2 protein chains.
Amino acid sequence: MFIQLDFETDIPIYEQLKDEIIIGIAKKELKPGDRLPSVRALASDIGINLHTVNKAYQQLKQEGFVLIHRQRGVVINPDGAPKADEQYKQKLKMSLRPTIADSLCRGIDKESYFTIVEAIYEELLEGGKSNE
Amino acid sequence: MFIQLDFETDIPIYEQLKDEIIIGIAKKELKPGDRLPSVRALASDIGINLHTVNKAYQQLKQEGFVLIHRQRGVVINPDGAPKADEQYKQKLKMSLRPTIADSLCRGIDKESYFTIVEAIYEELLEGGKSNE
DNA sequence: TGTTTGTTATATATATAGTATAACAAGAAT
DNA sequence: ATTCTTGTTATACTATATATATAACAAACA
């Protein structure tokens with residue numbers, strides 16, 4: 001797991017951290033049961049504050065990606081993340097609508113959009129090969 | 001154009017406003033050349049501040065969705081929004097990656113994802129029928 | 001008994017979001 | 001010319017989010 005942050009963008013650091021970890025799980029570079037670095041270790045490693053890491057971890061816990069034990073630290077959920085229910089899909093749809101509308105206005109039709117999504121799925125599914 | 005805002009969510013009002021207008025353009029409820037309400041009129045109508053509306057309009061102008069004339073006000077770009085270039089697609093891809101990784105972790109495969117995207121395209125493309 | 005873990009509590013600095021007034025400047029209508 | 005409406009600019013203020021900095025607490029483990 002290489003964590004690369006962009007301090008120029010307006011995306012909060014803790015969000016980028018969450019994203020990197022979730023992508024790591026999707027790519028299976030992070031497997032169920034794997035331990036994440038302690039909040040202090042990771043913070044010091046990246047050069048950010050302990051609380052920023054903690055915020056990311058807390059939200060990952062809230063969303064079911066990790067479990068946090070009192071002393072063992074933060075662990076990728078051995079049961080995997082909770083499966084998407086209808087409510088999740090509904091929220092996903094709502095969050096995608098503005099982006100898709102924007103793309104549509106700019107001439108990206110359904111097929112072009114699919115091509116982009118396809119490429120991302122490829123990257124996430126096949127990218128793990130080098131790590132197995 | 002009905003503009004419905006959610007004051008509970010953490011999505012900024014001016015973002016929601018932008019989204020609604022972009023969706024309106026995508027659905028062709030707002031056509032090239034159409035005038036938008038003045039910043040004061042819309043602000044008063046929705047019950048928000050003039051500057052919040054202005055911020056949304058400025059960004060829509062920046063992104064090429066509207067033109068702003070000194071006295072005529074804000075007008076949907078008669079030439080349509082600028083077509084997506086490679087840079088746009090690259091940014092789109094980067095912004096989609098975390099969401100798709102999240103979905104993938106929750107068991108949404110490519111086909112399920114496509115189904116959701118498909119539904120949104122349907123809604124945007126066919127939804128305009130009642131307005132023609 | 002230490003050491004490491006997450007956790008909690010303050011405090012501070014900065015940026016963003018939103019509001020509130022007021023005034024300015026250009027175009028259009030009368 | 002005058003008036004009205006348009007976007008625009010300038011301040012000021014409040015609230016919230018982000019990020020940092022220290023410090024201390026509590027549980028688990030070696």
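1. Helices (H or I, at least four residues) and strands (E, at least two) are DSSP runs, numbered from the N terminus. In these terms chain A has five helices and two strands, in the order α-α-α-β-β-α-α from the N terminus on.

2. The model is predicted: local features need pLDDT of at least 70 and side-chain atom pairs pLDDT 80 or more, whereas totals for chains, interfaces and linings use all residues. Residues are numbered from 1 along each chain as its sequence is written, with chains lettered from A and ligands numbered from 1 in the order in which they are written.

3. Chain A is divided into domain 1 (13–76) and domain 2 (86–131), with bounds from an automatic or database domain assignment. Their centres, taken over C-alpha atoms, are separated by 25 Å.

4. Between the chains, 34 residues of chain B are in contact (C-beta atoms, placed from the backbone, within 7 Å) with 35 residues of chain A. On the side of chain B that touches chain A, α4(B) gives the most, with 13 residues. That side divides into 24 nonpolar (Ala, Val, Leu, Ile, Met, Phe, Trp, Tyr, Cys and Pro), eight charged (Asp, Glu, Lys and Arg) and two polar residues (the others, Gly among them).

5. DNA strand C is surrounded by 21 residues, a residue being near a strand if its C-beta atom, placed from the backbone, lies within 6 Å of it. The closest are S38(A), G73(A), P12(B), N49(B) and Q71(B). By class, this surface has nine nonpolar, nine polar and three charged residues.

Conventions. Two residues are in contact if their C-beta atoms, placed from the backbone, lie within 7 Å.
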